[in-house]
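Subject: Structure handover

Hello,

Here is the structure for your work. My notes on what turned up follow below it.

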Amino acid sequence: MSGFTPSARIVRKEKPPRQFYAHRRYLPYLLRDFEQRCAYSCQHLQRIGGMGGMDIDHHNPKLKAPERNRYDNLFLSTRHCNGKKGDRWPTQKQKDLYIRFLNPCTERDYGVHLFEDPETFEIWGATRAGKYHVRMLDLNADHLIRERQRRNELRKLAENKAIFEAIGVGSSTLKSLRALQKEIEEMIPPLPQKKKPSD
């Protein structure tokens, strides 16, 4: 998930060698392609307690087998996001009104449909699809807002590394800064920010 591009945010690498009957067999490929992050909240595996906090989401849960278990319909997802989404899928009437779940493997979600408010650290939807996506996945749950806020605070601290090096601080301080940078790398990455317009 290195940076946001005009196209899809998540790029799937080579497909698994064959289609598996059991979707759990795709897990190593999903961990690789989603860089151990939730497709929706961007939380890293290490921030949610390892695999116990991660699930495999069927993006369109209404597909029939075997299409339902196709690799391109499977997303790495935190238990939180997967539990909130469940088997929900917009009706045809909703889709006609552009109300749908976003697919970060085929489109740019953050920076087009979704933005992070730089003051509240809430995710808000700039489109109907974005608003639906945020609401259905509960992307503004307390723990997610706290992590985005903490990431912002820690990034400001880490930016002082050059100052610390210039004034010649000890190696223990630089070691602490390196640990801090590692922690930041495992947090929700910086998301495109824009102030939420008043309703």
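Is Glu 119 buried or exposed? Glu 119 is exposed, because its relative accessibility is 58%. One caution before the rest: this is a predicted model.

**Salt bridges**

The whole structure holds 14 salt bridges. Here are some of them.

Glu 119 pairs with Lys 195, with N to O at 3.5 Å. This pair links distant parts of the chain. Glu 119 lies in the loop between β3 and β4, and Lys 195 lies in the segment after α7 (171-185). They are 76 residues apart. Lys 195 has a relative accessible area of 44%, so Lys 195 counts as partly exposed.

Asp 109 bridges to Arg 9, and their closest N and O atoms are 2.7 Å apart. Again, distant parts of the chain are joined: Asp 109 is in the loop between α3 and β3, while Arg 9 is in the segment before α1 (27-33). The separation is 100 residues. Both Asp 109 and Arg 9 are buried.

Asp 55 and Arg 79 form another salt bridge, at 2.7 Å from N to O. Asp 55 belongs to strand β1 and Arg 79 to helix α2, 24 residues apart. What about their exposure? Asp 55 is buried, since its relative accessible area is 15%. Arg 79 is partly exposed, at 48% relative accessibility.

There is also a network of salt bridges, which links Arg 47, Glu 147 and Glu 183.

**The β1 and β2 pair**

Strand β1 covers residues 54-58, and it pairs with β2 in the antiparallel sense. The pairing runs over five bridges. Met 54 stands opposite Thr 78 of β2.

Strand β2 spans residues 74-78 and is mostly covered, with five of its five residues buried. Which residues of β2 point which way? Leu 74, Leu 76 and Thr 78 point one way. Phe 75 and Ser 77 point the other way. In β2, the residues pointing either way are buried.

**Helix α4**

Helix α4 takes in residues 128-137. Seven of its ten residues are buried, so the rest of the structure largely encloses α4. Which residues of α4 are buried? They are Ala 129, Gly 130, Tyr 132, His 133, Val 134, Met 136 and Leu 137. The cover over these buried residues includes α2 (79-85) and α3 (92-96). It also includes β3 (114-116) and β4 (123-125). Asp 138 follows α4, and its phi is positive, near 50 degrees.

**Cysteines**

Cys 42 is buried, because its relative accessible area is 0%. Cys 105 also counts as buried, at 18% relative accessibility. The limit for buried is under 20%.

Best wishes

Note on methods. Residues are numbered from 1 along each chain as its sequence is written. This is a predicted model: local features need pLDDT of at least 70, side-chain atom pairs count only at pLDDT 80 or more; totals for chains, interfaces and linings use all residues. Side-chain values use heavy atoms; hydrogens and water are left out. Buried means under 20% relative accessible area, exposed over 50%, partly exposed in between (1.4 Å probe, protein chains only). Helices (H or I, at least four residues) and strands (E, at least two) are DSSP runs, numbered from the N terminus. Two strands pair if DSSP finds at least two bridges between them. Contact means heavy atoms within 4.5 Å. A salt bridge is a side-chain nitrogen of Lys or Arg within 4 Å of a carboxyl oxygen of Asp or Glu.
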